[in-house]
Amino acid sequence: MELDKNILSFLPKELQQKILSESTIQQFAKGTKILREQQYVKVLPIVIEGLVKVNSSFNEKELLLYYIEPAQSCVMSFYAALKNTPSKIFAETEEDSTILLIPVRYLPIWLKDYPKFNDLFYSQFNLRYSELLDTISHLLLDKMDKRLYDHLKRKTKLINSKSIKVSHVQLANELGTAREVISRVMKKLEVEGKIAQNSGEIILLSSD
């Protein structure tokens with residue numbers, strides 16, 4: 001697949017060529033785990049097409065940390081790669097995805113020789129920090145029905161569709177709660193006319 005050069009347009013052309021020559025582009029089906037917890041990071045992903053979700057686990061419960069959209073990378077993987085420490089997160093494709101995989105052995109050299117390369121990770125750090133603050137705010141202030149409904153709205157917006165196929169178990173993992181809680185709240189949202197459910201598909205009926 002031909003890479004859209006605009007994804008790397010903020011970088012010097014010389015570095016763009018080095019990245020393209022040393023990296024690989026791979027396609028991953030929806031639901032593919034591209035990084036596991038405690039795994040050492042060998043390649044740094046930049047999403048070209050599709051969507052990747054990054055989760056962490058706490059006391060056997062999962063929690064969605066953030067999504068990696070096209071032209072974005074994973075700041076947690078970047079940190080683990082530079083420090084040569086096991087990953088504290090795991091990443092899975094939310095949709096069929098095409099991803100540029102940069103071998104991490106080149107990162108220290110390129111970051112030193114091309115300071116502009118740091119901009120990608122500074123911007124990702126700022127983005128993820130803002131998202132983390134939003135997540136904490138939702139956890140502290142919002143009831144589960146609002147958290148779940150906002151989460152469904154975001155998921156449908158990311159894939160540009162009014163409907164998604166997702167299980168109650170997956171939603172529970174993403175929001176760090178129990179399946180029974182999700183099922184109960186989903187029924188409430190259905191009664192309120194905000195969603196409809198049909199054979200594993202959730203359809204948003206309102207954008208409130």
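Ala, Val, Leu, Ile, Met, Phe, Trp, Tyr, Cys and Pro count as nonpolar, Asp, Glu, Lys and Arg as charged, and the others, Gly among them, as polar. The exercises below use a predicted model.

**Exercise 1. Describe the largest pocket: its volume, the residues closest to its centre, the elements that line it and the classes of its lining residues.**

Step 1. The volume of the largest pocket is about 490 Å³.

Step 2. The lining consists of 20 residues, and those closest to the centre are Tyr 66, Val 75, Met 76, Arg 128 and Leu 132.

Step 3. At least two lining residues come from each of strand E4 (52-58), strand E5 (61-68), helix H2 (75-83) and helix H4 (118-141). H4 gives the largest share, 8 residues.

Step 4. Sorted by class, the lining of the largest pocket holds 15 nonpolar, 2 polar and 3 charged residues.

**Exercise 2. Decide whether Glu 174 is buried or exposed, and list what Glu 174 is in contact with.**

Step 1. Find the residue: Glu 174 is in helix H6, which covers residues 168-175.

Step 2. The relative accessible area of Glu 174 is 2%. Buried means under 20%, so Glu 174 is buried.

Step 3. Neighbours within four places in sequence are left aside; Glu 174 is then in contact with Lys 53, Leu 63, Leu 64, Tyr 67, Glu 94, His 151 and Lys 155.

Step 4. With one of these residues, Lys 53, the side chain of Glu 174 makes a polar contact through the Lys 53 side chain, at 2.8 Å.

**Exercise 3. Which residues of H2 are buried, and which elements do the buried residues of H2 pack against?**

Step 1. In H2, the buried residues are Val 75, Ser 77, Phe 78, Ala 80 and Ala 81.

Step 2. The partners of these buried residues are strand E2 (33-35), strand E3 (43-49), E5, helix H3 (107-113) and H4.

Step 3. After H2 comes Asn 84, which has a positive phi, near 55 degrees.

Methods
Residues are numbered from 1 along each chain as its sequence is written. This is a predicted model: local features need pLDDT of at least 70, side-chain atom pairs count only at pLDDT 80 or more; totals for chains, interfaces and linings use all residues. Side-chain values use heavy atoms; hydrogens and water are left out. Helices (H or I, at least four residues) and strands (E, at least two) are DSSP runs, numbered from the N terminus. Buried means under 20% relative accessible area, exposed over 50%, partly exposed in between (1.4 Å probe, protein chains only). A polar contact is a pair of N or O atoms within 3.5 Å; within protein, one must be able to donate a hydrogen and the other to accept it, and residues adjacent in sequence count only if both atoms are side-chain atoms. Contact means heavy atoms within 4.5 Å. On a 1 Å grid over the protein atoms alone, a cavity is a set of points where a 1.4 Å probe fits but cannot get out, and a pocket is an open set with protein on both sides within 12 Å along at least five of seven lines; lining residues have an atom within 4 Å of a point. Grid points are joined across faces, edges and corners, and a volume is the space filled by probe spheres set on the points.
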